[in-house]
2 protein chains.
Amino acid sequence: METGMAIGELARRTGTKVQTIRYYEQIGLLPEPLRTAGGQRRYGEAERRRLGFVRHARELGFGLEAIRELLDLAADPGRDCAHADRIAKANLGDVRRKIARLQALEQELARMVEECRGGRVEECRVLEVLADHDLCLSPEHAPPASPEP
Amino acid sequence: METGMAIGELARRTGTKVQTIRYYEQIGLLPEPLRTAGGQRRYGEAERRRLGFVRHARELGFGLEAIRELLDLAADPGRDCAHADRIAKANLGDVRRKIARLQALEQELARMVEECRGGRVEECRVLEVLADHDLCLSPEHAPPASPEP
DNA sequence: CCTACGATCTCCAGTGGCTGTAGCTTCAAG
DNA sequence: CTTGAAGCTACAGCCACTGGAGATCGTAGG
């Protein structure tokens, strides 16, 4: 009879770590699966698809709360999809802001590294720039919109 | 006599939160400052410059461990600056990898959002793409090199 | 049936870089 | 001397996992 797959196989098939699957279950992102008599988790295709959705959304930068909402929406096919659209747009905005910020950093870092001609620390451009913000071309590299890695 | 500034003023002058300053002290990034008889911290110009260096480096994306190394280097002006250069280059590489990854995400998200013409969830392009990785143009949006926000 | 061994179990702690809270004490102005 | 802002310590929480300890389960081979 259909017994389902163990957590390790689900992990392998979705490119997720075993602990991460258990974590998703713990925070209620995945439902509690069936268990064997001995207490081990067994999963079916529905769970595999759900986890696939989660992983894919994560890869695209969605946060777990956003994913929770998206899963709720997907479970209710008759509803208007404006909400899903809004979530995706918010995420896109986030991603774009992060790109803009990182590009500003890249400019400063590249200039800093390029100007360092490898003498002694005394005359190191890298340390000099770090010590004095005024040496930056754009003093506008403010802290990020959303928290940094 | 010179009593130095309180933590709040240092915070204001460097654009740092008070708790963050205490946290930096706790992890040994800033030295323990002088205290008043009542136990409050008092800072001088040297500390202000050091914190300024830290904040500036943070804004440029350096991690606290990298900053610790940079501070050590800066304290020793006779040494070769190759190490500082290496740290900065590593950070630049990190930033560039993050940009590349985010740009890939941006592509997918933008396409996803654009194709969603706001019908019902049933026919929502956003949810469809999330449910089926094969609908992505580049299946190459792998997990990030360094951990995500 | 027994053993061996990998897979799985639960629980807990740690990551980075802060941020917020509770319940105090201290400082400085009036 | 009073008051109110600012400081103090200690600890919990954030996100999204990740790793480890130590026990148990499942299954293949003998």
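Predicted model: local features only at pLDDT ≥ 70, side-chain atom pairs only at ≥ 80, totals over all residues.
Residues are numbered from 1 along each chain as its sequence is written, chains are lettered from A and ligands numbered from 1 in the order in which they are written, and side-chain values use heavy atoms, without hydrogens and water.

**Chain A**

- Chain A has six helices and two strands. Helices (H or I, at least four residues) and strands (E, at least two) are DSSP runs, numbered from the N terminus.
- Along the sequence the pattern is α-α-β-β-α-α-α-α.
- Of the 149 residues in chain A, 40% are buried. Buried means under 20% relative accessible area, exposed over 50%, and partly exposed in between (1.4 Å probe, protein chains only).
- Take contacts in chain A between residues at least 6 apart in sequence: 48% of them join residues at least 24 apart. Contact means heavy atoms within 4.5 Å.

**DNA strand D**

- DNA strand D is surrounded by 20 residues. A residue is near a molecule or strand if one of its heavy atoms lies within 4 Å of it.
- The closest residues are Tyr24(A), Thr36(A), Gly8(B), Arg22(B) and Arg41(B).
- Among atoms of DNA strand D within 4 Å of the protein, sugar and phosphate make up 84%.
- The side chain of Thr36(A) places an N or O atom 2.6 Å from a phosphate oxygen of DNA strand D. Such a pair falls under the polar contact definition: N or O atoms within 3.5 Å; within protein, one must be able to donate a hydrogen and the other to accept it, and residues adjacent in sequence count only if both atoms are side-chain atoms.
- Backbone N or O atoms also approach phosphate oxygens of DNA strand D, at 2.6 Å for Gly8(B) and 2.7 Å for Arg41(B).
- H2(A) gives the most, with four residues.
- This surface has five nonpolar, nine polar and six charged residues. Ala, Val, Leu, Ile, Met, Phe, Trp, Tyr, Cys and Pro count as nonpolar, Asp, Glu, Lys and Arg as charged, and the others, Gly among them, as polar.

**DNA strand C**

- Around DNA strand C there are 21 residues, and Arg22(A), Arg41(A), Tyr24(B), Thr36(B) and Arg58(B) come nearest.
- Sugar or phosphate supplies 82% of the atoms of DNA strand C within 4 Å of the protein, and bases the rest.
- Phosphate oxygens of DNA strand C lie 2.8 Å from a backbone N or O atom of Gly8(A) and 2.7 Å from a polar backbone atom of Arg41(A).
- A side-chain N or O atom of Lys17(B) is 3.3 Å from a phosphate oxygen of DNA strand C.
- Helix H1 (7-14) of chain A, and helix H2 (18-26) and helix H3 (45-59) of chain B, each supply at least two residues of the surface near DNA strand C. H2(B) has the largest share, four residues.
- By class, the surface near DNA strand C has five nonpolar, nine polar and seven charged residues.

**Core and buried positions**

- The largest nonpolar core has 82 residues. A nonpolar core is a set of buried Ala, Val, Leu, Ile, Met, Phe, Trp, Tyr and Cys residues joined through side-chain atoms within 4.5 Å.
- Phe62(A) and Phe62(B) have the most contacts inside this core.
- Beyond its neighbours within four places in sequence, Phe62(B) touches residues including Leu109(A), Met112(A) and Leu130(A), as well as Ile67(B) and Ile87(B).
- Helix H4 (residues 64-74) of chain A buries Leu64(A), Ala66(A), Ile67(A), Leu70(A), Leu71(A) and Leu73(A). Their cover includes H2, H3 and helix H5 (82-115) of chain A, together with helix H6 (125-131) of chain B.
- Asp85(A) lies in helix H5 of chain A and counts as buried because its relative accessibility is 12%. Leaving aside neighbours within four places in sequence, Asp85(A) contacts Val113(B), Cys116(B) and Val126(B).
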